[in-house]
Amino acid sequence: MHTEPEERKAVRALGWVSFLTDVASEMVYPLLPAFLTRTLKASPAALGVIEGVAEATAAAAKVLSGSLSDRSARRKPLVAFGYALAAIARPLVAFAQAWTHVLAIRFADRIGKGVRSAPRDALLADIVPEARRARAYGLQRAMDNAGALVGPLIAALLLRFVVADVRTVFLLAIVPGLLALLVLALFVREPARGAPRPAPAHAPREVLPGRFWRSVAVFALFALANSTDAFLLLRAGDAGVPAWQIPLLWAAFHAVKAAAGVPGGMLADRIGRLPAIVAGWLVYAASYAGFALASSPEAAWALFGLYALFYALTEGPERALIAQLVPERLRGRAFGAFHAAVGLAALPGSIFFGLLWKRFGHGTAFFTGAALALAAAIALILVSRERPGEAGR
């Protein structure tokens, strides 16, 4: 572990890395639905396929990178490689001529995300003591969300005052991506872990505990309900939000996420990870039910604000819970398995959501998502009661 001043410096630096990376990402993401459907003439179903494949790709990469980071003396090189790959791939959307090109670029971008995510989360757990981890993860997520607030605003200002088309905005996204790499290289010092001891010949591979796998299964169930947020942007347009307001709506959504992220982590440290996660999933179910019924721009704005609270209540606590459920030597593998399960479930989740929307309308799709979220919340409560104290506070 670092000393406390070093710990704070490293945590803040990782937060700035997340901030700059999300500035780059969110200069591109909120413009993609319109770019795909209007410029490239793709269908909403294609959007679901692109985002589902992207998340599944990230999930597969997380499994490998998490295990590799556990077998390495250092996690930071993997983290840096993942950020670099995404920073280079993301701006290539500017050159896309078909939706399949965007699919390939998102594939490379999400490999980068998958490579960095599990080692980064494990690195943060190496730096911060258990008692302060939910707060640290909450800060990291808050900075991530702050970047997601600034990115769309930069994109909107560029389109309004500087450039003539979205392709130039996509190209300029490389600038904050490279700045993130610079901050990581200069200001994040990894604590010494020592070289991992090789397992004896023919020794059985150490397995992750059953309490971990039960929790991950529930997280995967919830992920089936958690389709890509691109559908929410499309729904906002259907509810009457003007096209020029969509980036502003996305920025406001991330402003609420950023403001509530650290308080959400602190609340989880106080009341327990599980109660915070369950509360967040209930908020998710309520917001999805609202999206099913929304019929005005004002309703869409209010629902995006409510939906942001779901992230604040769950993102930090979920990672703190995973770190708590496994020993330190298995954290990289555990985070890889967690991210993989959630990401792989997102593929059928997004595709199924898109098919429901196409066949039965948006109401059926959103109500189904709300029902799955409620089922996951109940399942998590039941799992936590199977062995009291195992996944506690």
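Ile 174 is found in helix α8, residues 174–187 (helices are DSSP runs of H or I, at least four residues, numbered from the N terminus). This is a predicted model, where local features need pLDDT of at least 70, side-chain atom pairs count only at pLDDT 80 or more, and totals for chains, interfaces and linings use all residues. Residues are numbered from 1 along each chain as its sequence is written, and side-chain values use heavy atoms, leaving out hydrogens and water.

**Burial and the core**
- Ile 174 counts as partly exposed, at 30% relative accessibility (buried is under 20% relative accessible area, exposed over 50%, partly exposed in between, with a 1.4 Å probe and protein chains only).
- The largest nonpolar core has 114 residues, and Phe 212, Trp 281, Phe 304 and Tyr 307 have the most contacts inside it (a core is a set of buried Ala, Val, Leu, Ile, Met, Phe, Trp, Tyr and Cys residues joined through side-chain atoms within 4.5 Å).
- Helix α13 (residues 297–325) gives the most to this core, with 13 residues.

**Aromatic pairs**
- The whole structure holds 30 aromatic pairs (ring centres of Phe, Tyr and Trp, its six-membered ring, within 6.5 Å; planes under 30 degrees apart are stacked, over 60 edge-to-face, the rest tilted).
- Phe 231 and Phe 353 form a tilted pair, because their ring centres are 5.0 Å apart and their planes at 35°.
- Phe 231 lies in helix α10 (residues 230–238) and Phe 353 in helix α14 (residues 331–360), so the pair ties together parts 122 residues apart in sequence.
- Phe 231 is buried, with a relative accessible area of 2%, and Phe 353 is buried at 3%.

Notes
Helix = DSSP H or I, 4+ residues; strand = E, 2+ residues; numbered from the N terminus.
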